[in-house]
Amino acid sequence: MPTTTDFERMLRGAALRVTRPRVAVLAAVHGHSHADTDSIIGVVRADLGEVSHQAVYDVLRALTGAGLLRRIQPSGSLARYEARVGDNHHHVVCRSCGAIADVDCAVGPAPCLTPSDAGGFVIDEAEVVYWGRCPACSTTSASELHL
């Protein structure tokens, strides 16, 4: 886990002012990958005390815009944030409990970055979401079937 000094360095490297809310949000997302906004607000408030929803939303927008965080929103889910940026990874989502995990892109040339027809677009990222059941929910579902 990066330190406060690391977060300050990240902010300066992205030409953003170092503020306590920005550092707290970075720390919250680094410590709780794929967290939704309300969860992040809870962690930030535990660290800083009272901070408004709008302040956290503004910080998330600034950090995402600067490329320090990534916003994902699987179909039917709340927006979530992660600190893993700069690569073309994907996600797997549990249909039962909503757990989300990272999935690395296919090995070799990234086939997901080569669409059959890009329509003139220059592709720099692809988002693939796999859906299924996590190990805990798969076990629970299987045991419920045998009752």
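Q: Which residue in S5 does Val 93 stand opposite?
A: Val 93 stands opposite Ile 100 in S5. This is a predicted model, in which local features need pLDDT of at least 70 and side-chain atom pairs count only at pLDDT 80 or more, while totals for chains, interfaces and linings use all residues. Residues are numbered from 1 along each chain as its sequence is written, and side-chain values use heavy atoms, with hydrogens and water left out.

Q: How do you know that S4 and S5 pair?
A: Two strands pair if DSSP finds at least two bridges between them. S4 and strand S5 (residues 100-103) have 4 bridges, in the antiparallel sense, so they count as paired. Strands here are DSSP runs of E with at least two residues, and helices are runs of H or I with at least four, numbered from the N terminus.

Q: What do S4 and S5 form, and which residue in the turn has a positive phi?
A: They form a hairpin with 5 residues between the strands, and Gly 98 in the turn has a positive phi of about 85 degrees.

Q: What makes Cys 94 count as buried?
A: Buried means under 20% relative accessible area, exposed over 50%, and partly exposed in between (1.4 Å probe, protein chains only). Cys 94, which lies in strand S4 (residues 90-94), has 4% relative accessibility and therefore counts as buried.

Q: Why is Cys 137 called buried?
A: Its relative accessibility is 14%, so Cys 137 counts as buried. Cys 137 has its place in helix H5 (residues 135-145).

Q: Which residues does Cys 137 contact, leaving aside neighbours within four places in sequence?
A: Contact means heavy atoms within 4.5 Å. Cys 137 is in contact with Cys 94, Ser 96 and Cys 97.

Q: Where does the "binding site" label come from?
A: It comes from an unreviewed UniProt entry, which lists Cys 94, Cys 97, Cys 134 and Cys 137. They are spread over 44 residues of sequence but cluster in space, with a largest C-alpha distance of 8.0 Å. Such annotations may be inferred rather than shown by experiment; positions follow the numbering used here, and feature names are shortened.

Q: What makes a set of residues a nonpolar core?
A: The residues must be buried Ala, Val, Leu, Ile, Met, Phe, Trp, Tyr or Cys, joined through side-chain atoms within 4.5 Å. The largest such core here has 23 residues, and Val 25, Ile 40 and Leu 63 have the most contacts inside it. H2 gives the most to this core, with 6 residues.
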